[in-house]
Amino acid sequence: MEGCLNEISYINVISPGFQTTVQDLGRYGFAHLGVSASGAADPVSLRIGNLLLGNPQNAAALELTLVGGEYQFESGCVFALTGSDFGATLDGQEIPLWSSVKAQAGQILRSGSTRSGARCYLCIGGGINTRRVLGSFSTHVMTSIGGFSGRPLRGGDRVRFLGQVGDAPFRPQRLKKAVIHQLMHRSVIRVTHGPQADLFSDEVTALFTTAVYHVTEETNRMGLRLTGSVLKQERAAEMVTEGVALGAVQIPPSGEPILLFVEHQTTGGYPKIANVVSADIHILGQLRPRDSVRFEFISFERAHELLLRQEAMISTQFLEFV
Amino acid sequence: MFSEVLRYPRLQLASDCSVLVTFGINISREHHRDVVRLFTLLLSERHPAIRNLHPAYCSLLITFDPLVADPHHFRDFIHGLVERIDSVLLPMSRVVEIPVCYDTALGPDLQFVASHNHISVAEVIRYHSSTEYLVYFLGFSPGFPYLGELPKQLFAPRLPTPRVKVPAGSVAIGGNQTGIYPADSPGGWRIIGRTPLKLFRAERSEPALLHMGDIVRFVPITRREFNEMALLSMNQWRVA
């Protein structure tokens with residue numbers, strides 16, 4: 001973005017939808033104080049939105065959940081919607097997903113109920129610019145840290161962003177269709193063996209990968225609770241509380257899995273049969289209550305290969321001018 | 001090779017971007033010291049791939065960026081550090097005094113803990129405030145200290161139904177553990193008092209009042225002292 005100046009501007013929240021928060025790629029380095037990373041539930045969509053706008057990939061955006069809401073731009077800006085299709089319009093005109101769009105001062109973005117997955121990102125050229133807390137703009141909703149006053153947005157909030165003022169003509173870009181499909185559509189969640197995988201018998205482990213699980217209503221940024229086949233431990237081993245990783249598949253005494261998500265507790269005492277691979281974490285962020293999921297075990301080597309292949313697709317070379 | 005012979009310390013990939021080092025299977029000061037040694041070594045090494053360190057009673061989870069370090073190489077790097085931990089000097093423990101108002105209004109379960117253990121409320125306060133507690137680690141939620149060890153005379157079962165809201169600063173007992181709630185939150189532990197100190201402030205350069213390895217002493221204060229300190233929204237604390 002050469003020749004551009006940044007100018008402070010605001011988005012007015014007319015109505016905030018179901019849960020809209022400020023998110024970047026997360027807050028690292030404070031887990032030993034009990035603070036988990038938080039950050040975008042679907043970091044792939046956030047990064048692509050930022051790529052479309054020429055932002056750093058870690059720039060903060062608004063994460064819309066299930067129902068989008070209504071927002072007015074106080075000044076002209078360039079924005080992009082990525083992730084799930086919430087049927088958004090700008091002053092009544094339908095706008096495409098995975099594309100950069102120019103808005104004039106005063107225009108209103110309306111975004112309804114999702115037609116696909118759980119989350120849509122409203123990325124802005126220059127990035128959302130609330131106060132950085134512990135090095136990140138991300139909201140940790142459960143502990144009221146960061147983002148916009150540590151909480152989801154409400155009607156009447158004015159969210160600051162750094163608009164780009166420049167004389168370069170605007171040329172809309174979009175992500176190539178083939179890449180969208182490869183990045184976003186996955187019916188099976190890949191997992192590696194968890195630290196307590198050996199507490200579960202071969203039969204139980206097999207059941208975990210053949211069963212179809214459903215996402216329950218008790219699902220949020222902290223964790224996804226699943227319902228389906230009950231998984232019992234071979235031996236009811238006493239476990240001492242230990243550190244837990246993003247995407248851990250915990251099996252509580254009820255036997256129904258809980259997937260630890262971006263706002264997870266930093267330590268926990270339930271055994272973990274598996275862990276979702278890095279390349280599929282963003283898919284969890286798009287799961288809605290009642291969606292079904294299946295799991296497949298893969299090796300650590302394969303998980304790493306999948307991640308490298310996915311990373312290669314998150315690149316400006318897969319963007320095209322409209 | 002030592003992991004095959006000894007079993008502990010045990011290193012494993014907990015996910016494709018985290019390594020779990022386990023020093024044993026029980027809560028002990030010996031394992032705690034190993035956790036602190038490895039934690040100290042990791043802080044001084046500053047490997048560029050490290051994202052987060054999650055210490056616990058007898059283990060340490062290290063999360064890393066798999067695009068910066070290959071998972072197997074990273075595990076080998078951690079393995080090398082674990083082999084060196086015996087040479088690490090433990091940092092000096094700070095002694096932190098935490099004022100607590102043991103008052104039935106701020107500690108609604110004080111009487112329960114007393115009658116459950118067939119002792120008086122005064123004895124509950126005396127036992128609780130005459131013990132030195134080790135901060136094993138901070139975990140669960142921001143600034144929450146896992147403290148040990150609680151005198152046997154004070155063990156008390158958790159509430160059958162957790163309270164919807166436990167006020168920030170509440171000092172509580174859950175089974176054989178004692179802790180302090182850093183923020184208003186739901187909770188099932190028995191509340192015996194409250195501190196006016198803030199345990200966690202994200203806006204502070206040093207956000208957590210307590211650190212892993214600190215020694216905590218609870219100092220009884222009157223309701224009046226509590227009110228004064230709370231009014232000043234005191235954010236400093238005494239390090240003895």
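## Where chain A meets chain B

Across the interface of chain A and chain B, eleven residue pairs are in polar contact, both residues being at pLDDT 80 or more. A polar contact is a pair of N or O atoms within 3.5 Å; within protein, one must be able to donate a hydrogen and the other to accept it, and residues adjacent in sequence count only if both atoms are side-chain atoms. Three elements of chain A give two or more residues to the side that touches chain B: β13 (188–193), β16 (242–243) and α5 (300–313). Helices (H or I, at least four residues) and strands (E, at least two) are DSSP runs, numbered from the N terminus. The largest share of this side, seven residues, comes from α5(A). By type, the side of chain A that touches chain B has 18 nonpolar, 16 polar and five charged residues. Here Ala, Val, Leu, Ile, Met, Phe, Trp, Tyr, Cys and Pro count as nonpolar, Asp, Glu, Lys and Arg as charged, and the others, Gly among them, as polar.

This is a predicted model: local features need pLDDT of at least 70, side-chain atom pairs count only at pLDDT 80 or more, and totals for chains, interfaces and linings use all residues. Side-chain values use heavy atoms, with hydrogens and water left out; residues are numbered from 1 along each chain as its sequence is written, and chains are lettered from A in the order in which they are written.

## Contact and area between the chains

The contact (heavy atoms within 4.5 Å) joins 39 residues of chain A to 40 residues of chain B. The area buried between the two chains is about 3100 Å². Buried area is the accessible area (1.4 Å probe) that two parts lose on being put together, summed over both. Carbon and sulfur atoms give 64% of the area between chain A and chain B. His32(A), Leu33(A) and Phe300(A) supply 19% of the area that chain A buries against chain B, more than any other three residues.

How many salt bridges cross the interface of chain A and chain B? The rule finds one. A salt bridge is a side-chain nitrogen of Lys or Arg within 4 Å of a carboxyl oxygen of Asp or Glu. Arg10(B) and Asp198(A) meet in a salt bridge, at 3.9 Å from N to O.

## Two domains in chain A

Chain A is assigned domain 1 (4–173) and domain 2 (184–317). Such bounds come from an automatic or database domain assignment. The domain centres, taken over C-alpha atoms, are 27 Å apart. Domain 1 of chain A brings 33 residues to the contact, and domain 2 of chain A brings 20. About 2000 Å² is buried between them, with 56% from carbon and sulfur atoms.

Two salt bridges cross this domain interface. Polar contacts link 16 residue pairs between the domains, both residues at pLDDT 80 or more. Helix α1 (residues 43–53) of chain A gives the most to the side of domain 1 that touches domain 2, with six residues.

## Two buried residues

Ser9(A) sits in strand β1 (residues 5–15) of chain A. Is Ser9(A) buried or exposed? Ser9(A) counts as buried because its relative accessibility is 4%, and buried means under 20% relative accessible area (exposed is over 50%, partly exposed in between; 1.4 Å probe, protein chains only). A polar contact of 2.4 Å joins the side chains of Ser9(A) and Ser75(A).

Leu260(A) lies in strand β18 (residues 258–260) of chain A. Leu260(A) is buried too, at 9% relative accessibility. Leaving aside neighbours within four places in sequence, Leu260(A) is in contact with residues including Met222(A), Val244(A) and Leu246(A).
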